Amino acid sequence: LLLPTLLLTDSDLSFIYLRGTTRSIRSIGIKMGKKAANGRKTATNGTKKVVDSSSKGLNEKEKRRRNKKTVHNFLVIFYVLYIAAAVAFIINNPSGLKSFNGTRSDKKPFKTFEEFFPFYLQEHSDVYCRISHYIGTSIVLFIMLVNPSTLFALLVGFVNGYLASGLFAFADHGAFEAAVMVASFFIVEYSLSKSIKNAILALLVGYAFAWVGHFVFEKNIPATFIYPSFSLISDFRMLFRAALNMEP
C-alpha cells in the first residue's frame, strides 16, 4: 500500500524502482533470446543430422547398386568366355568327355550330335508332333529374347550337358546328364537375375509342348530321356530348318 505513495512522493525512489524493473525485463528478454537461439541451433543441428543421414543412406544404396552391376557384368563376361571355350572343345571333341568307367551303354549308340540328329528326325515324323515342338521352342526363344539371362542359362546348361553326355555314357538313361543341365540352368539364371521364374517358365513351356507331341501324336517316348542335351539342341535345329523350308 505504501509503494504507490512512495512512487508519487519520492522521485528518487521512483527512479530506482523503474530502473530495477527495466533491468528485470531486460534480463528476462536476454534469457528468452538465448533459449530461442539454443532451440534454433538444436533444430538446425537435428536437420543437418537428418540430411547427413539421408545422404549417407543414398550413397550406400548407390554403392550397393554399382557393386551389383559390377558383379553382373563380370558374370556375363565369364559366361561368354566359358560358353565360347566349351563350344570350341565340343567342336574338337564331338563325343564330349570320356566316360567315367570307359564303357558305353547299349542304349546310347550315338556318340555325337551329328550321329544322333537323323534318329531325332525319325522320332518326330508326325507333322503334329513337329508343330507342337515348333510352338514350344518358339515360345522359349521369345522368353530368352526378352530375358537375356535365360539365354545365357540355357547355353551354359546345354554345353555342360553335352560335356556330361560322355561322362555318363555308361548309364542306360539320361538322368545324370539332365541333372547337370537343369542345375546349371537354374544356377546361371539366378546368378544373373536373382530369380528362377523365367527359367521355370521356359522349362515348363518347352517340354510341355514337346511331350504333348510325343505322347499324344507321335505315340513314342521322347529321346530326351536318354539324350537330353542332344535333344535340346535338335529342337532348335529342327525349328531353324523348318524356318528355312528344309523340313516337310
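Here is a short chat about the helices and salt bridges of this predicted model.

Student: Before we start, what should I know about the model?
Tutor: It's predicted, so local features need pLDDT of at least 70, side-chain atom pairs count only at pLDDT 80 or more, and totals for chains, interfaces and linings use all residues. Residues are numbered from 1 along each chain as its sequence is written, and side-chain values use heavy atoms, with hydrogens and water left out.

Student: Why is the pair Glu62 and Arg65 called a salt bridge?
Tutor: The rule asks for a side-chain nitrogen of Lys or Arg within 4 Å of a carboxyl oxygen of Asp or Glu. Glu62 and Arg65 have N to O at 2.7 Å, so the pair passes the rule. Both sit in helix α2 (residues 11–92), 3 residues apart, about one turn of the helix.

Student: What makes Arg66 and Glu62 a salt bridge?
Tutor: Their N to O distance is 3.1 Å, and the two are 4 residues apart in helix α2, about one helical turn.

Student: How do you know whether Arg66 is buried or exposed?
Tutor: Buried means under 20% relative accessible area, exposed over 50%, and partly exposed in between (1.4 Å probe, protein chains only). Arg66 has 52%, so it counts as exposed. Glu62, at 29%, is partly exposed, and so is Arg65, at 46%.

Student: Which salt bridge links distant parts of the chain?
Tutor: That's Glu114 with Arg237, at 3.3 Å, N to O. Glu114 lies in helix α3 (residues 113–122) and Arg237 in helix α8 (residues 228–243), 123 residues apart. Glu114 has a relative accessible area of 52%, so it is exposed, while Arg237, with 28%, is partly exposed.

Student: Which residues do shared partners join into one network?
Tutor: Glu62, Arg65 and Arg66. By the rule, the chain's count comes to 3 salt bridges.

Student: And why do such pairs form at all?
Tutor: Side chains of opposite charge can pair when their charged atoms come close.

Student: How much of the chain is buried?
Tutor: Of its 248 residues, 33% count as buried.
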